[in-house]
Amino acid sequence: ALGLLGAEAKEVLPLLLARLNHEEDNKRLATLAEALGNIGEVEAVPSLVIVLKKPSLLVRGKAIDALGKIGDAAGVSALFEALRDAQLQEKAAKALGKIGPAAVPGLLRLLEDKDPTIRANAAFALGKTGDAATVLKLTERLRDRNNAVRTNTIIALGLLGEKAAPAVPALLHLIQNDGANGRVVAESLGKIGKAAVPGLIN
């Protein structure tokens with residue numbers, strides 16, 4: 001039930017934090033982390049960051065989800081670390097995307113990471129931030145040698161919608177030169193909207 005209390009549980013926040021800091025049972029820890037995410041108070045971030053170091057995958061996953069829901073910049077560094085965990089990368093990318101602009105500088109650096117999985121997840125997260133300032137760097141990543149990185153970059157540009165209009169020429173180029181991603185490109189161009197129409201007609 002604690003995981004569903006939401007904003008109505010703000011008055012019990014100190015009690016939940018005290019329990020989180022001393023709880024050993026993984027299921028209860030996961031429930032507490034979920035509750036704190038639903039409450040959405042920044043005060044919970046330091047404790048959730050500590051919980052991210054627990055060995056339980058369930059607990060760490062719930063802590064990541066909670067940090068994303070709270071959306072505070074104080075959780076960014078811990079989420080960057082989680083982005084390197086193969087079992088939690090997708091969750092961490094989604095959480096960073098929810099945090100938004102505060103996560104952008106670090107995510108842009110990760111677009112240059114030597115690990116293609118990190119680059120791919122960083123690209124997706126940048127799309128989720130909704131920040132138009134990411135379009136140029138994402139467009140450059142459309143030339144990545146790794147197909148997963150290119151695919152996630154295409155999806156990210158689509159998530160940015162009309163803000164990604166400057167990327168339209170590069171996306172149109174991919175339709176002719178990247179057969180593996182043709183459908184994904186078409187979907188993203190559709191999300192970008194009017195800016196893509198002339199190129200599609202031609």
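By class, six nonpolar residues, one polar residue and four charged residues make up the lining of the largest pocket, where Ala, Val, Leu, Ile, Met, Phe, Trp, Tyr, Cys and Pro are counted as nonpolar, Asp, Glu, Lys and Arg as charged, and the others, Gly among them, as polar. Before I go on, let me say that this is a predicted model, in which local features need pLDDT of at least 70 and side-chain atom pairs count only at pLDDT 80 or more, while totals for chains, interfaces and linings use all residues. Residues are numbered from 1 along each chain as its sequence is written, and side-chain values use heavy atoms, with hydrogens and water left out.

Let me stay with the pocket. Its lining consists of Val49, Leu52, Lys53, Arg60, Ile64, Ser77, Ala78, Glu81, Ala82, Asp85 and Leu88. A pocket here is an open set of points on a 1 Å grid over the protein atoms alone, where a 1.4 Å probe fits, with protein on both sides within 12 Å along at least five of seven lines, and lining residues have an atom within 4 Å of a point. The space in this largest pocket is about 150 Å³, a volume being the space filled by probe spheres set on the grid points, which are joined across faces, edges and corners. Helix H4 (57-70) and helix H5 (76-82) each contribute at least two lining residues, and H5 gives the largest share, with four.

Turning to the whole chain, the protein has 13 helices and zero strands, taken as DSSP runs numbered from the N terminus (H or I, at least four residues, for helices; E, at least two, for strands). The C-alpha atoms fill a box of roughly 60 × 35 × 25 Å along the principal axes. Of the 202 residues, 49% count as buried, where buried means under 20% relative accessible area, exposed over 50%, and partly exposed in between, with a 1.4 Å probe and protein chains only. Among contacts with a separation of 6 or more, 63% join residues 24 or more positions apart, a contact meaning heavy atoms within 4.5 Å. The accessible surface comes to about 10,100 Å², with 54% of that belonging to carbon and sulfur atoms; the areas come from the Shrake-Rupley method with a 1.4 Å probe, and for residues only the protein chains shown count as cover.

Now to the charged pairs. The structure holds ten salt bridges, each being a side-chain nitrogen of Lys or Arg within 4 Å of a carboxyl oxygen of Asp or Glu. One of them joins the side chains of Lys91 and Asp65, at 2.8 Å from N to O. This pair links distant parts of the chain, 26 residues apart, with Lys91 in helix H6 (residues 89-99) and Asp65 in helix H4. Lys91 is partly exposed at 34% relative accessibility, and Asp65 is also partly exposed, at 27%.

Arg183 and Glu187 form a salt bridge whose closest N and O atoms are 2.8 Å apart. These two residues are separated by about one helical turn, because they lie four residues apart in helix H12 (residues 182-192). Arg183 is exposed, at 60%, whereas Glu187 is partly exposed, at 41%.

In a further salt bridge, the side chains of Arg28 and Glu23 meet at 3.2 Å, N to O. Arg28 is partly exposed at 43% relative accessibility, but Glu23 counts as buried at 13%. Finally, Glu112, Arg119, Arg141 and Asp144 are linked in a network of salt bridges.
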